[in-house]
Amino acid sequence: MGLADLSLDKWRSFDLAAARRVAQEAADLVSGRVAGVETVEHLGARLHRVRVERNGREFALIPGGTVTLGLDLDVWQPTPGQAADYAESLGQGFGGGPDLRAYLAQVLSPRRCVTLAAVLMAVENENLTELPADMPAALAARGLRMPTSDEWEHACGAGAGTLFRWGDECPLDEIPYGHDTGPQRQLSALGLRIAYDTYSVELTSDVTAVHGGDGGESVCGGYGTLLAWLPLATANRNPSTAEFVYSPDGDGLCEDFSTRPVLPL
């Protein structure tokens, strides 16, 4: 089995010594060095985080395999506070559909199973240096590529089937912008700084979606507290923001967008 075949389920079964061996193998494959290996608790079990440094940038190991993505809206239930907050936004003309579940069906990716290869993914997103259409070539010159939407979502959630990577709830007493101690400021389960700022807009190879934020639209527009947090939802593809990003109007703002480079294994 090659390292690209490493599944998340298999990765969870490794002890720390085995995780260190895999980390070194990954670093050797990309001519990098192991920058760190640690173990955290995730979904009631241990999960190892691996960071590999290459050419001054740190990458996290993202095991793949057959994984389930998207929020299961057939079983998900909003809290009373979330439902009330959304109803207030709806009354102000924001949101869409008769209730929160209907709105989420419009903006979240569908529930599905996909099979992904293990990769190394940048711990930090980086601003575009070219127009979105030219970024694949610019990254390829560095031995990198853009992630797919499925890879981004899997790396963010790491098997959590919740609305956000940290759970189903978010603070409803303040918006995420300026909330420096909120759950979005913590590293993801696999060690990424991801879905942390609604002003961030991360591009993937899918031109119908952007991830990790909406460019601050929901915050600046006063959409309401829950709607200000939802751009950070793991499965949120922010379709209206994606439409703007890939329109002629978005060309002049490409330096405000980012991507999260991937190193294949």
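View 1. The model is predicted: local features need pLDDT of at least 70, side-chain atom pairs count only at pLDDT 80 or more, and totals for chains, interfaces and linings use all residues. Residues are numbered from 1 along each chain as its sequence is written, and side-chain values use heavy atoms, leaving out hydrogens and water.

The lining has 16 residues. Thr68, Leu69, Gly70, Glu153 and Ala160 lie nearest the centre of the cavity. Strand E4 (65–69) and helix H6 each supply at least two lining residues. Here a cavity is a set of points, on a 1 Å grid over the protein atoms alone, where a 1.4 Å probe fits but cannot get out; lining residues have an atom within 4 Å of a point. The volume of the largest cavity is about 120 Å³. A volume is the space filled by probe spheres set on the points, with grid points joined across faces, edges and corners. How many cavities of 30 Å³ or more does a search of the whole structure find? It finds 1.

**View 2. Glu153 sits in helix H6.** Is Glu153 buried or exposed? Glu153 is buried, with a relative accessible area of 3%. Buried means under 20% relative accessible area, exposed over 50%, and partly exposed in between (1.4 Å probe, protein chains only). Leaving aside residues up to four places away in sequence, Glu153 touches Leu69, Gly70, Ser109, Arg112, Thr234, Ala235 and Arg237. Contact means heavy atoms within 4.5 Å.

**View 3. Helix H6 (residues 149–157) lies across E1, E3, E6 and E11.** H6 runs at about 80° to E6. Axes are lines fitted to C-alpha atoms, for helices over the stretch in contact, and angles run from 0 to 180 degrees between N-to-C directions. Of the 9 residues of H6, 9 are buried. Among them are Trp152, His154 and Cys156. Ala158 follows H6 and has a positive phi, near 50°. Helices (H or I, at least four residues) and strands (E, at least two) are DSSP runs, numbered from the N terminus.

**View 4. Five strands form an open sheet in the order E1-E2-E3-E6-E11.** The pairing is antiparallel. E1 and strand E11 (262–264) are the edge strands, each pairing on one side only. From one strand to the next, the twist averages 30°. Two strands pair if DSSP finds at least two bridges between them. Helix H2 (residues 16–29) lies across E1, E2, E3 and strand E6 (119–122). H2 runs at about 140° to E1.

**View 5. Strand E2 (residues 45–54) is largely enclosed by the rest of the structure, because 7 of its 10 residues are buried.** E2 pairs with strand E1 (residues 33–42) in the antiparallel sense over 9 bridges. Which residue of E2 is the bridge partner of Glu38? The partner is Arg49. The hairpin of E1 and E2 has 2 residues between the strands, and Leu43 takes a positive phi near 55°. E2 also pairs with strand E3 (residues 57–62), again antiparallel, over 4 bridges. Val52 has Phe59 in E3 as its bridge partner. The hairpin of E2 and E3 has 2 residues between them, and Asn55 in the turn has a positive phi of about 55°.

Terms used:
1 Å grid on protein atoms, 1.4 Å probe; cavity = no way out; pocket = protein on both sides within 12 Å on 5 of 7 lines; lining within 4 Å.
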